[in-house]
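Open the model in your viewer and keep the selection tool at hand. Each stop below names what to select and then says what is there.

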Amino acid sequence: MPEVNQQCRLYTRSGAHPSAMWKALNLSVENISSHKYFFLVGFSELGELRPYLFIPFSLMFVVSLFANSLLVYVIISQRSLHSPMYILIASMSCIDLILPVFFLPHMLLSFLFDWRGISLIGCLVQMYFIHFFGTFQSTLLLWMALDRYFAICTPLYYQEQVTLAKFLKFVIPSSIRNMFVVLVVVSLAGKLPFCLRNVINHCFCEHMALVELACGSTTINSLVGLISVFLVPVTDFFLVTASYTVIFSSVLTSGKSNAKAFQTCVTHIVVIIVNLTIVLTAFLSYRIRNGIPSAVRIFFSILYVLFPCCFNPIIYGIRTTEIREHILKTLKI
């Protein structure tokens, strides 16, 4: 960047108008070659202790693969579990099974063999799939809430409401929304010039971790990223809250089937609370940087992606009686 610095000094001495100076600087930035290769240096401050991170994260990866695979197998293999609620749980497990594959193997190899390099294209592809599948963690909770709403508030019309044709009216629009929002976020990030640094202080290609390396204006990226948060997880959360508010209101006013209603909903609510807590913690840790070590921020950022993949199948397997019984039979315990 010495050319840009020199040009800035010349414009300052000449007394040129600031707008002319910034226009010239933007042209200079565009002419500077942009980095096409990056280094993921998350947890570098741990020094020689960094390779030991392989142990806890690999254990979480194994737990995620085993628990989600077992849950999907049990639901697919048992005809009695082929109802909409269990199919949605199996879909959640498929998301939790796929999501870690896009970043965890590379991260584990980085811990063991110090393989930190990634191309810009590889980084953007990784970012897209992490955020794309990540959006479905909240969207699937919304679909589960809708399923519980139909089952509890309109039990006589439940089978009619959850037919494939009618349920696709909820599934397709939200899926298109997720795909479009993530595509816009990643596309805008890919158009930025990265002429300052090519060192990403993270263990995978997180959106803001890459954007903050850009040497051009990132206002639009930050704004679109914030809008995407409100369009997907925040919107899903408010719709889920509204659904369960109506469900509990209906149960309390009717005075019937209270125990059954609370039993079918409580598992979803536990998962929602845990997921939301981790997401908010990770989000706030990146916004409140003062006094928070970068290693802590990176840890929570990884945790909000990885922890649900381990937690969801365990909580559904333990708390859902029918699934638990079939799992125990499968494992012959």
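Is cysteine 123 buried or exposed? Select cysteine 123 in this predicted model: its relative accessibility is 0%, so cysteine 123 counts as buried.

Cysteine 123 belongs to helix 6 (residues 120-153), while cysteine 205 sits in the loop between strand 3 (199-200) and helix 9 (207-211), so the bond ties together parts 82 residues apart in sequence. The angle about the S-S bond is -125°, and the link is left-handed. Cysteine 205 is also buried, at 1% relative accessibility.

Next, select cysteine 195 and cysteine 215. They form a disulfide with sulfur atoms 1.8 Å apart. Here the torsion about the S-S bond is about 125°, so this disulfide is right-handed. Both cysteine 195 and cysteine 215 are buried. A search of the whole structure finds two disulfides.

Move to cysteine 309. The closest cysteine sulfur, in cysteine 310, is 6.6 Å away, which is too far for a bond.

Cysteine 309 also takes part in a helix contact, so show helix 4 and helix 12. The axes of helix 4 (residues 84-98) and helix 12 (residues 294-319) come within 9 Å and cross at roughly 155°. That makes helix 4 roughly antiparallel to helix 12. Ile89, Met92 and Asp96 of helix 4 meet Pro308, Cys309, Asn312, Pro313 and Tyr316 of helix 12.

Last, select valine 274 in helix 11 (residues 258-287). Among the residues valine 274 touches is Phe311, 37 residues away in sequence.

Terms used
Residues are numbered from 1 along each chain as its sequence is written. This is a predicted model: local features need pLDDT of at least 70, side-chain atom pairs count only at pLDDT 80 or more; totals for chains, interfaces and linings use all residues. Side-chain values use heavy atoms; hydrogens and water are left out. Helices (H or I, at least four residues) and strands (E, at least two) are DSSP runs, numbered from the N terminus. Contact means heavy atoms within 4.5 Å. Axes are lines fitted to C-alpha atoms, for helices over the stretch in contact, and angles run from 0 to 180 degrees between N-to-C directions. Angles under 35 degrees count as roughly parallel, over 145 as roughly antiparallel, 65 to 115 as roughly perpendicular and the rest as oblique. A disulfide is a pair of cysteine sulfur atoms within 2.5 Å. Buried means under 20% relative accessible area, exposed over 50%, partly exposed in between (1.4 Å probe, protein chains only). Lists of a residue's contacts leave out its neighbours within four places in sequence.
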